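Work through the exercises below with the model open. Try each task before reading its solution.

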Amino acid sequence: VTTSEALRHQGLERGVGRPDQYQVIRPGIDLRKFSPSGRDEARQLIRAELGLPMDAFVVISVMRLGPQKAPLDLIAAAESVAARRDDIRFLVVGGGPLEQAVRNEVTARALSDQVLLLGPRRDVAALLKASDLFVLTSRWEPLGIVYLEAAAVGLPCVGTNVDGAPEAVEEGATGYLVEPGEPRAVAEAILRIAEDTELATRLGEAAHQKAQKFSEEHFVAQIEGLYHRLLARRGIG
């Protein structure tokens, strides 16, 4: 069982198994928790807590601060954005082995007013609802569940064109994908959305619609169906 077509192809390319031994079952998300419901309230409460202006364009990234997610690429992108727009704020949620390096980079690039490092948080859904755009700078990504959670809230997404990410973010439809290791391209994609309200709204609405296909119930039904088929092959059940 793989979480994306990309992983299925990678397995077959490496000589692991046969095509008929694979099934792609994408993960499910809690669509009750991650939804547009309560966005206005979250926007008020979270922004007041963090000292964010109500009219700021807020970019959020939720990640483990490790090599896979390339958080330093995000900070470099934030610097490029800040050079052109002083009303865009970045929220970085998560901890990990590169946390101190990220903090040092924010200080070195004089981005303390633009980039808030929040560490691990349990209120990710509320933080997403208080934001305007989701960004991830991964160097590899089996699928990217957090893309789906952000989409379910109604956020457009900017990500990197790696592995299964294109199955979570539809280029030009629910967001934009750029090549990994290209912070300036990430910045340009962020600015493109931030500077076009109609575009941001259209992408966010499409993202929300796409996310409805990834319910926990659908995930469970696919797993259950797989077990039934395997048991049937052995004459069980």
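**Exercise 1: a loop residue**

Asp163 sits in the loop between β5 (157-160) and α7 (165-168); helices (H or I, at least four residues) and strands (E, at least two) are DSSP runs, numbered from the N terminus. This is a predicted model: local features need pLDDT of at least 70, side-chain atom pairs count only at pLDDT 80 or more, and totals for chains, interfaces and linings use all residues. Residues are numbered from 1 along each chain as its sequence is written, and side-chain values use heavy atoms, leaving out hydrogens and water.

Solution: 
- Step 1. Buried means under 20%, exposed over 50%, partly exposed in between (1.4 Å probe, protein chains only).

**Exercise 2: a lysine in a helix**

Task: Which side chain does the side chain of Lys210 make a polar contact with?

Solution: 
- Step 1. Find Lys210 in helix α9.
- Step 2. Lys210 counts as buried because its relative accessibility is 12%.
- Step 3. Leaving aside neighbours within four places in sequence, Lys210 is in contact (heavy atoms within 4.5 Å) with Glu167, Ala168, Glu170 and Thr174.
- Step 4. The partner is the side chain of Glu170, at 3.1 Å. A polar contact is a pair of N or O atoms within 3.5 Å; within protein, one must be able to donate a hydrogen and the other to accept it, and residues adjacent in sequence count only if both atoms are side-chain atoms.
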